[in-house]
Amino acid sequence: MVIKIGKAEDNDFVVREHPHVSRHHARLIREDDDCWLLEDLGSTNGTFVNGVQIVKKRVALKDVITLGDNYVLDVSEVLKYNNDYSEEFAALKKVYDNYIQAKIKIQSSNQFKTRLFQSLPFAIPGVVGVVIGFLGKGSPELFGLSLFITVCAPTVGIYLGAKQSAKTPQLLQDIANQFKIDYVCPKCGTFLGEIPWESLRNRKQCPVSSCKAKWVSE
């Protein structure tokens with residue numbers, strides 16, 4: 001893909017009414033590895049990348065590109081001349097992956113702690129029984145303590161397990177709320193649901209009729 005830049009109306013990205021920008025000033029060329037090559041087209045006042053005049057140079061979004069003496073070219077805006085939001089959409093893969101990993105971590109941690117709280121108290125009476133057997137069966141105090149633990153320990157375990165389980169919905173809701181903010185179409189801001197990023201990529205563009213942002217460059 002080639003994007004022509006300059007003051008003339010036949011350019012893909014038109015820079016209007018700027019005295020230092022030539023009619024056909026420069027062009028951006030997408031290479032096979034999805035990098036961009038910036039080429040000056042023999043402009044009168046030159047093309048600069050990070051303050052250095054260039055003829056041809058690979059550029060990234062973070063580079064400062066200047067046409068002529070003082071027109072700063074916003075590459076991200078240039079790429080949107082044909083509704084191309086592929087760079088921003090690609091970043092959503094990490095958003096989706098992080099959300100799924102966080103969900104799994106919360107659910108796994110909750111299951112482990114719930115089972116621990118619910119099962120450990122049932123083992124305590126057995127331990128106490130061994131202690132009583134070791135110290136002597138004739139002690140009424142130890143027998144009373146054993147009976148108390150036998151009755152109370154499972155109840156406490158069930159309570160703690162239920163309390164731990166109750167935390168999970170809120171934790172999941174918190175990450176879901178942030179996910180709804182972050183996992184949106186980079187152009188129109190429509191929430192994309194919990195649809196896997198790879199599935200959305202196969203659609204290639206936003207389904208909202210008023211948007212149709214391109215998610216994948218051809």
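Glu9 is exposed, at a relative accessible area of 55%, where exposed stands for over 50%, buried for under 20% and partly exposed for the range in between (1.4 Å probe, protein chains only). The model is predicted: local features need pLDDT of at least 70, side-chain atom pairs count only at pLDDT 80 or more, and totals for chains, interfaces and linings use all residues. Residues are numbered from 1 along each chain as its sequence is written, and side-chain values use heavy atoms, with hydrogens and water left out. The structure contains eight salt bridges, each defined as a side-chain nitrogen of Lys or Arg within 4 Å of a carboxyl oxygen of Asp or Glu.

**Glu9 and Arg16**
- Glu9 pairs with Arg16 in a salt bridge, with an N to O distance of 3.2 Å.
- Arg16 is exposed, with a relative accessible area of 55%.

**Lys80 and Glu88**
- In the salt bridge between Lys80 and Glu88, the closest N and O atoms are 2.6 Å apart.
- Lys80 is buried at 18% relative accessible area, whereas Glu88 is partly exposed at 28%.

- A salt bridge links the side chains of Lys93 and Asp97 (3.0 Å, N to O).
- Both residues, Lys93 and Asp97, belong to helix H2 (residues 86-135) and sit four residues apart, about one turn of the helix; helices are DSSP runs (H or I, at least four residues), numbered from the N terminus.
- Lys93 is partly exposed, with a relative accessible area of 30%, and Asp97 is partly exposed at 26%.

Technical notes:
Helices (H or I, at least four residues) and strands (E, at least two) are DSSP runs, numbered from the N terminus.
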